[in-house]
Amino acid sequence: MVAIAWLGWLVPVAGGAISPQHLFEVEVTVADQLEASRKAAIGPALEQVLVRVAGNASVLQTEQARALLQNPAKYLQQYRYFTVPDSQPPVLKLWVRFDADLVRQALQQQGLSYWGSERPDTLVWLAVEERGSRYLVSADDDGEVHQQIIQAAKQRGVPVLFPLLDLEDQARVRFSDIWGGFFDKVVEASARYSPQAVLIGRLNRSVSGGWTARWHMVVAGQSSSWTTSESRLGSLLLQGMGDTADRLASRFAVTDSGCLLYTSPSPRDL
């Protein structure tokens, strides 16, 4: 059931909608099914949800968020345990769902921003250079980069899709276009997917094993670029997707009401 639920984060639908309950669901690793372990895990789980629905990790540094986290069990709606398939040794996970209405009301009462379930579909182009190997990440890729960025996008609640890299894409975008920073060509090729945002990443793994990424995002005609460096690929992609979510939320998250002020740009606006 959990694996099926994950698919909802990967399917682009009209207006970038995410199933609302997914925003309030989190999985955390626990040592056992004892009550003490469960109580200890609820706080970190609620932290993930607050970052996801407020739209920025800095929310956890506010007094208002710290007040909400004093009693995380108050917002708990459901929970269950499961063992990660094929994990050796077995990895036990706690799945929790928080009450969406209570969390949203608490954020709004505290004057914190709220980013609802209508979120822009983000088309992700990734060029990877890894110890002499160069490749682009496609929609049907089953490699580590693809899997890790999907996990990172899920954690921050960003609906992502990837290019097919079929003959049409290959004729319009090459590895050298992304690596060389010819982003106009990439954005033009993105129009066939009708995304609301385009994220272009250039990932490089050094001889020592560390990772560096240069990111470029275009949404509603506005572009921004930034660089991240991490020792681990998972941390790199989580940071990159976190920065992406922060930038999107700064545009679409709202305060004072539960309505999301969102207008989907047309492909030509990208």
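This is a predicted model: local features need pLDDT of at least 70, side-chain atom pairs count only at pLDDT 80 or more; totals for chains, interfaces and linings use all residues.
Local features were considered at pLDDT of at least 70 and side-chain atom pairs at pLDDT 80 or more, whereas totals for chains, interfaces and linings use all residues. Residues are numbered from 1 along each chain as its sequence is written, and side-chain values use heavy atoms, with hydrogens and water left out.

A search of the whole structure found 10 salt bridges (a side-chain nitrogen of Lys or Arg within 4 Å of a carboxyl oxygen of Asp or Glu). Arg97 is paired with Glu25, with 2.5 Å between the closest N and O atoms. This pair links distant parts of the chain, 72 residues apart, with Arg97 in strand β3 (residues 92-98) and Glu25 in strand β1 (residues 25-29). Helices (H or I, at least four residues) and strands (E, at least two) are DSSP runs, numbered from the N terminus. Glu25 is buried, at 10% relative accessibility; buried denotes under 20% relative accessible area, exposed over 50%, and partly exposed the range in between (1.4 Å probe, protein chains only). Asp166, Glu168, Asp169 and Arg192 are linked in a network of salt bridges.

The buried residues of helix α8 (residues 183-190) are Phe183, Val186, Val187, Ala189 and Ser190. Viewed down the axis of α8, these residues fall within an arc of 160 degrees, so they line one face of the helix; the arc is that of the directions from the helix axis to the C-beta atoms. Asp184 and Glu188 are exposed on the face of α8 turned away from the buried side. Elements against which the buried residues of α8 pack include β4 (122-130) and β7 (197-205), contact being defined as heavy atoms within 4.5 Å.

Thr122 is found in strand β4 and is buried, with a relative accessible area of 0%. Leaving aside neighbours within four places in sequence, Thr122 is in contact with residues including Val158, Leu199 and Leu248. Thr122 and Leu199 are 77 residues apart in sequence, with a C-alpha to C-alpha distance of 6.6 Å.

The lining of the second largest pocket comprises 13 residues, of which Val51, Ala57, Gln155, Arg156 and Leu238 lie nearest the centre. A pocket is an open set of points on a 1 Å grid over the protein atoms alone, where a 1.4 Å probe fits, with protein on both sides within 12 Å along at least five of seven lines; lining residues have an atom within 4 Å of a point. The largest share of this lining, 6 residues, comes from α9. Arg156 is buried, at 8% relative accessibility, and forms a salt bridge with Asp246, the closest N and O atoms being 2.8 Å apart.
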